[in-house]
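Please keep the structure open while reading.

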Amino acid sequence: MTCLHLLLTLVFAVSLGTPVEIQRPRGVPLTKKQFYEESKPFTCLDGSRTIPFDRVNDDYCDCKDGSDEPGTAACPNGSFHCTNAGYRPMFIPSSRINDGICDCCDTTDEYNSGAKCENTCKELGRKEREVLQKMAEITKEGFLLKQQLIEEAKKGQQEKQSKVTDMQENKKQLDEKVEALRTVKETAEQPEKEAKERHLKAWEEQKAAIRLEKDKAKMAETFLELDDNADGFVSVSELQSHAELDPDADGTLTEIEAQGLMGGAEQVDTSTFESVWPKIKDKYHSEVSREEADISCLEPAPVETPPDEVKEPVVDNDSEPYPEDDISEEEDEDDEDEDDYHEDDDKVSAQPTIKTPEKTHEDEEAMPPYDADTQALIDAAQKARDDFEEAEKALREMDDQIRNIEKELSFDFGPDAEFTYLYSQCYELTTSEYIYRLCPFNRVSQKPKYGGSETNLGTWGSWSGPENNKYLLMKYEQGTGCWQGPNRSTTVKLTCGKETVVTSTSEPSRCEYLMEFTTPAVCQEPANIDPSPHDHVEL
Amino acid sequence: MAVISIERMGLLSVVCVSLFFSSTFAVDRGNFKTCDQSAFCKRQRALKPGQSPYRALLETLELSDSRLTLQLINDNNKVHLLLELYRLQGNMTRVKINELKPLKPRFEVPDVLIAEPPTEPLSVLSKDDNGVVLSLGAENQRLIVSARPFRLDIMEGPEVLLSLNSRGLLAFEHLRLHKDTQAQADGAEVKESVDGDQQQDEGKKDEDGESEKEEDGLWEETFKSHTDTKPNGPTSISLDFSLPGVEHVYGIPEHADDLKLKTTDGGDPYRLYNLDVFQYELYNPMALYGSIPVMLAHNTQRTMGIFWLNAAETWVDISSNTAGKTVFGKMLDFVQGSSEKPQTDVRWISESGIIDVFIMLGPKPSKVFSQYASLTGTQSFPPLASLGYHQCRWNYNDQEDVKSVDQGFDQHDIPYDFIWLDIEHADGKRYFTWDPHKFPQPKEMLQGLMDKRRKMVSIVDPHIRVDSGYKIHNEITSKDFYVKNKDGKNYEGWCWPGNSGYPDFTKPEMRAWWASMFAYDQYEGSMENLFTWNDMNEPSVFNGPEVTMHKDALHGKWEHRDIHNIYGLYVQMATAEGQIQRSGGVERPFVLTRAFFAGSQRYGAVWTGDNAAEWDHLKISIPMCLSLGLVGVSFCGADVGGFFKNPSTELLVRWYQTGAYQPFFRAHAHLDTTRREPWLFGPENTALIREVIRQRYALLPYWYQLFYQAHKTGMPVMRPLWVDYPKDTATFTIDDEFLIGSDLLVHPVTEEGSRGVTAYLPGAEEVWYDVHTFQKHNGAQNLYIPVTLSSIPVFQRGGSIIPRKDRVRRSSTCMENDPYTLYVALSPKKFAEGELYIDDGHSFNYDTKKEFIHRSLTFANNALTSSNLCPDCNFLTSSWIEKVLILGASKPSKVLLKMDGKETPVDFEFDTSMSVLTLRKPGMNAGADWTLLLQ
């Protein structure tokens, strides 16, 4: 068997059609030819032992490092060099020599397996050159685009930076303005408050006086009503005709009870009736009409009691069994929802306080309008308030703007800020089933093409490329949870391209997505490309 | 749109089913019956040992050359049974009991026995009123039939080897008319209950009358929401066996339990009922995907087997008089000369059919294996490539994914032979089709693999999507091949595709049609390097009782109840036949099945189903495969890495190390797990996994030869230690290490964070060589082996010769013509022997044309000789012997190769520290006669 193996082989470089002979053992690269000298014993390249040269490529592994069998499959850790003239040379593991599979395009790995290999190096070389050329073009153009992006980003960044600086300056002024207006407001509010209080007090006093008048009139009226015989006295029996005055509420007003009401007297005149009146006025039913009796009732009408608890907004999300929703995501949702609910709370609980005064006003005599002085004070204070609020709002808005810009500035948009242009953009890819959406530095999502809700495939996490260039991969994490699985996450692989597009998506592992994305931002400066690096024969 | 909505429904059903089970990781036991919830088991188990109501009517005895028949009568109900006894060639006895005159025929399991077992003459030695003594021929073996009560004893000399009905638990529920109709039809036979009932129970039951019977579930039974209509009423059967002197019984897979069977007193019996158990639990007797009703009994003197040929739901009770005793207690018995002999009692209970038992009398383990093989056949001889490494996942997403995984193996220089596609590859789970978006060019993909000399497996499950646009469904419908429900309509149930029909694989015409579907022009996109995986063939029915088919479904005239456990066997049988046919009978098939029955070994490989990425699941893979090996199924493996959940890197590495030394070596993972191709865990772990897969490939010649042996003799490939050391009681319960053949002892590391394992090296006469260091250890010792993450404790037995191919390549096919290295491990007497088997690795030519090389390798008297074990065989190989390592050798002065009458010197090296002699490049052809002389 072994005799089939040639110790030394001739390597033919056929690209020029003229065989060029280079004598060296099979599978040895030119760079190592010097170690394989036919005339001398061979020392394993790791120096572990020296063997007669006829044991090189004799299809038996003598060296631990496999260096004695560069051209056979004898050593488990050996490697075979193919020249691949017309393409590029490569090393393959020795185990691929004569395994029936063509690995080297120059067919040299299958010299004794019966495999029918064709020399495809020329073709491969041509294709590779085409690809390289295309790549080079793309890289070149992409790199130019990248330069523009960098410039724009720098400009944009500077603009933003100076905008922030300006805004911060403005903000200072605004701060001061707000403080000044606050003082103005507070100054205006003090006299307003005092004037209002004065007005209110005067009105209260006026109301009390009126009430007293009314009571007296009512008392006199009642006296006349009770004094049936118009003798100027109200007697026990006259009082007894008003059963509603019964103090023990047994339905009858007995003589003794009536007498009790009258302070023990048999009868009372108008002046002594003054002491009886307070005891009966609440229960007394006028004989004339009810309305008149009710006039005295100055108690505010019972206010519609605001519900003790505002009914909790529907929090069904918690109880609904969505197996696909992961807990943490629900928590997120809850947070958002809770904010909403607070707003709702405010709205709901505000209603009764508005309602209450309205209702009382109906039953009450309206407060007389403010006098001109007071009104003037109020108007002045209101204006101060409005001014202050407006200024405060402007300040808040400015804060938001500053924060947004600062947030944007805080992102790592690459060493030259070349990824800046992706910020607040979204890119879509439609597949047979889904529409995928990548919003760089924000989130990745997936939506069924034919209706259905969107699924979060992850929110911006970090750059996670290899150490030497972390800007080749983006990681989006903590998307919607998978049932019995992890939260969805997406890795975005960035490659150089003239256009900014999502080129493919896949789900290599359940709930772990992979998105391919081209952008000029990762195009490297093109090296001086030799369009045909291995066209010539290795000599 | 219709398609989409069906799609959705399918998806929904999957979600529902998943929810229906449990969201936490554990089996939902409530979905599966206990003995108490299975009416016949409860009924039968309520019978207590005692006086049997059965009596042998000796006057009815008839003896022909090959069989003895005798009637039995149940004195309680006067029903007559017919007992048939056969003495079978090869030291076996067959006992059949059926009703003498059943109302209609009872089911007898076809297609399991490879042929009607050849008989030997029986002769009556003596006969009187109490019984008959028959001669079983050899070794003074007798069979004693006792008349009152009926009982059988098999004796050898003065020893009782095994007794039947010794505890009086024979119970045969005869077919009867339902009481409603019975009252009119036959007033005389009102008093019916379990036939085996004892007198006192009988009386009580009669009084309770109808209502109690209905409660007993005689004519109807409900489990969860499913009602089993039981039109035939009670039909169960039971028989007990006593094994005097036996403390160790094995077999009756499939259970996720220890190798040595436990006693079942106080718990459920071991259950045999093929079920799709979601997230199965370990160390219990619950039924799993497959059933092989074969039990082995072993002691230092003898190994025997009981084969209970019944395909209905079966429960096996085991009790032992020594079970409760501690080791000390047993010693005390021994010292005090306790008269009580250890004994194991076994009781089999099946829901329908007849009693048909084969008693395999051994006496050696190897003899029991060949006896069982003579009944049901041997392990199919697999294509060599299928012994390589299989890469599987639910699911490789598309052609691109397949290609990149394939390239991943080359990039990381890891060999593999098969890549697998799970259910998502098919178009809407319509098997025999390809998803047009994900796998638009299956042939292109297969050709790509073929160019790398690799292969693929696609899944073909037996549930067929009910869809009038699906060719397979339409043909089965038009040929009327579907299983029927109790009302005679096509049975439908939910499975992966949604609503599905189940082909009636019990029909030979159906199987023939199914086989024809694998023809290259029928299975579009298939090629000769595409093989098959039959999953879900219990059958799994998501919305059926216990996730399987209703027992009152109909297979022709038989109920599903009768045939349940053999359904899966038929699916694999038909599929394997299809693969053979597509090649014109030339190529060996490769089919993996989840469900199995006695005889399934003839059709391919099995795996232990949907396990989990847990250390205990790694551990249990050993006893589970050992148990299967004992009952004929050698080609067994567990999902490497664990199917459910994500394994830790350590667990994954340890699983590869274990799986590489188990017969069927496939990594598999659930859809919800993260990717786990071998190179995804950092270069160090990639290197560890690469190393162990390479070890597997280097040993392929040995594995292949062992499978040839298993195919020829029935010897299991992966074996418990006691099989080779039957007298060494220390080996009887070992199931954390095992033998591959006789010559390799493996003790995988199955503990998390392990720093060492203690391996038992059997055999007082033996020495064992560490295969990695060649260090020699004496046998009959517990050896502590310190381990690191790279350690796989494996030992080669002194006295053996193992051929390896140490040039590991991309796939086994690439290694076809590579040279061999012989590992000669010398015994203390400086002797060793082994075999070398070579053929083309894939065709039946080894069988049909005797195209193989089978050589005996012997080292004796300082000479290693290769001699031909098959002189009339013809096969040429270009493989040669590149190296010979002799472990435990002393340094020779000279080594000579004697071949073709010539002597040539051979170079050698000697390593004094480990006493290893390496012969350099002797160079003879692997098929040649030669001798190497050490001088």
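**Interface between chain A and chain B**

In this predicted model, 17 residue pairs are in polar contact between chain A and chain B, both residues of each pair being at pLDDT 80 or more. On the side of chain A that touches chain B, strand 15 (residues 501–509) of chain A gives the most, with three residues. That side of chain A is made up of 11 nonpolar, seven polar and 11 charged residues.

- Contact between the two chains involves 29 residues of chain A and 33 residues of chain B.
- About 2,900 Å² is buried between chain A and chain B, and 44% of this lies on carbon and sulfur atoms.
- Between chain A and chain B there are 10 salt bridges.
- A salt bridge joins A:Arg96 to B:Asp413, with 3.6 Å from N to O.

**Salt bridges within chain B**

- B:Lys551 and B:Glu313 form a salt bridge in which the closest N and O atoms are 2.4 Å apart.
- This pair links distant parts of the chain, 238 residues apart: B:Lys551 is in the loop between strand 28 (530–534) and strand 29 (554–555) of chain B, and B:Glu313 is in the loop between strand 18 (303–308) and strand 19 (314–320) of chain B.
- Both B:Lys551 and B:Glu313 are buried.
- A network of salt bridges links B:Lys551 and B:Glu313 with B:Asp228, B:Arg271, B:Glu351, B:Glu546, B:Glu559 and B:Arg561.
- B:Arg43 and B:Glu173 also meet through their side chains in a salt bridge, at 2.8 Å from N to O.
- Because B:Arg43 lies in helix 2 (residues 39–45) of chain B and B:Glu173 in the loop between strand 11 (171–172) and helix 3 (179–185) of chain B, the pair ties together parts that are 130 residues apart in sequence.
- B:Arg43 and B:Glu173 are both buried.

**A salt bridge within chain A**

- A:Glu454 and A:Arg443 form a salt bridge, with 2.9 Å between the closest N and O atoms.
- The two residues are 11 residues apart and link distant parts of the chain: A:Arg443 belongs to strand 11 (residues 443–448) of chain A, while A:Glu454 sits in the loop between strand 11 and strand 12 (455–463) of chain A.
- A:Arg443 has a relative accessible area of 25%, so this residue is partly exposed.
- A:Glu454 is likewise partly exposed, because its relative accessible area is 39%.

**Whole structure**

- Over all chains, a search of the whole structure finds 90 salt bridges.

Conventions:
Residues numbered from 1 in each chain as written. Chains lettered and ligands numbered in written order. Predicted model: local features only at pLDDT ≥ 70, side-chain atom pairs only at ≥ 80, totals over all residues. Heavy atoms only, no water. Salt bridge = Lys/Arg side-chain N within 4 Å of Asp/Glu carboxyl O. Helix = DSSP H or I, 4+ residues; strand = E, 2+ residues; numbered from the N terminus. Buried < 20%, exposed > 50% of the residue type's maximum accessible area, 1.4 Å probe, protein only. Contact = heavy atoms within 4.5 Å. Buried area = accessible area lost by both parts, 1.4 Å probe. Polar contact = N/O pair within 3.5 Å; in protein donor to acceptor, adjacent residues only side chain to side chain. Nonpolar A, V, L, I, M, F, W, Y, C, P; charged D, E, K, R; others polar.
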